Amino acid sequence: MDEPRVAPVPCLALKHGADSDKPVLFSISDATAIDNNGGVDIPGLTNGNAWVTPQGWILVRSASDASTFLQNPQDPDGKISLPHLPRELPSTCSCRLSGKPNGSESCIVLLVETEEDVTVLWYCRFGGGGGGGEGEGWVRHEYDVGTQWDIRPGKEGQREKVPIRSIAACRGKFYFNATPESVGVLEFTPTPTTPVFGSIAIADPLPGGYGVLGAALGFLVEAEDDLYMVRLLLDRDFETVYDLIVYKMDFSEQQWHEVDDIGGRAFLLAPAYFGASRAADECGLEKDSVYVPYAHKKCFEVCKVEEKGDIDVVNLIEAPDAKIGMWIMPTD
């Protein structure tokens with residue numbers, strides 16, 4: 001029997017409910033399905049037991065053999081064993097790595113639950129010495145980073161705990177919930193591994209960046225040790241993106257600076273506030289552009305950073321009905 005062929009990455013995976021637990025994979029360059037029936041696959045990836053990371057590695061929880069591991073999507077044998085995640089978690093969790101999981105430093109694997117009224121994260125530390133491998137067990141932590149006014153129908157005027165939404169790893173720390181005024185910071189102490197929360201107050205908050213009626217989606221993206229904030233400006237339907245603004249963090253000044261290019265890279269955004277970066281030339285993507293999937297519309301958009309309001313819609317050919325689209329990234 002032939003070995004499964006690994007799908008080319010980056011690619012788009014659509015989680016669907018039609019006859020298979022495997023997502024349907026799509027080529028970004030020609031918007032066509034990659035042939036799953038022909039043996040093309042992403043090792044370990046299913047619709048429900050895996051969480052992708054901006055660094056390419058996929059966190060997989062296998063209930064059948066009580067194992068949890070990081071999977072290299074380009075290598076079926078490329079696995080890093082972790083302590084078993086003790087609980088089945090929603091597939092909508094955000095997963096981030098503090099650094100390279102096979103590097104010389106230890107690495108934090110972070111899972112943030114994104115369900116409504118849930119302020120819980122899970123983490124474990126492993127590796128160091130270049131070998132990866134199992135480390136400390138998973139810890140469940142209920143966090144508290146403040147409260148805000150609840151604007152949901154029927155709950156107006158009440159206070160709710162602020163959930164972590166947009167989050168990115170940069171320079172060994174995690175940054176979250178960025179706005180033009182502030183950004184949260186999450187660090188982990190080495191012994192014992194303990195989360196410590198803080199924030200950066202932006203020295204000179206920038207005006208704007210909130211779209212029509214103040215509606216915008218914010219994403220954080222790490223690129224070559226720099227932290228970016230992408231704000232997708234929404235129209236009156238609170239879904240259609242009509243423009244975007246990209247900011248770059250100057251840590252020495254504690255200041256966001258608006259930019260009109262991202263160094264020839266492409267940013268790939270997705271649900272669960274996923275934000276990844278790749279050199280566009282290396283993977284056939286458009287330079288200085290932001291890619292956003294809309295699984296329910298069977299398309300993705302390509303937004304030019306420099307050319308304000310220039311958005312191309314790319315329709316996926318013969319895509320299945322799906323609610324979630326995610327980017328599968330290379331690990332190198």
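Which residue of β26 is the bridge partner of P293? The partner is F300. The model is a predicted one, in which local features need pLDDT of at least 70 and side-chain atom pairs count only at pLDDT 80 or more, while totals for chains, interfaces and linings use all residues. Residues are numbered from 1 along each chain as its sequence is written, and side-chain values use heavy atoms, with hydrogens and water left out.

Strand β25 (residues 289-294) runs antiparallel to β26 and is joined to it by six bridges, where strands are DSSP runs of E with at least two residues, numbered from the N terminus, and two of them pair if DSSP finds at least two bridges between them. The hairpin that β25 and β26 form has four residues between the strands, and K298 in its turn has a positive phi of about 60°.

β26 also pairs with β27 in the antiparallel sense, over five bridges, with C299 standing opposite N315 of β27. In this second hairpin six residues lie between the strands, and G309 takes a positive phi near 80°.

Because six of its six residues are buried, β26 is largely enclosed by the rest of the structure; buried means under 20% relative accessible area, exposed over 50%, and partly exposed in between, with a 1.4 Å probe and protein chains only. In a regular strand the side chains alternate between the two faces of the sheet. Here C299, E301 and C303 are buried on one side, and F300, V302 and K304 are buried on the other.

The loop between β26 (299-304) and β27 (311-315) holds E306, which counts as exposed at 57% relative accessibility.
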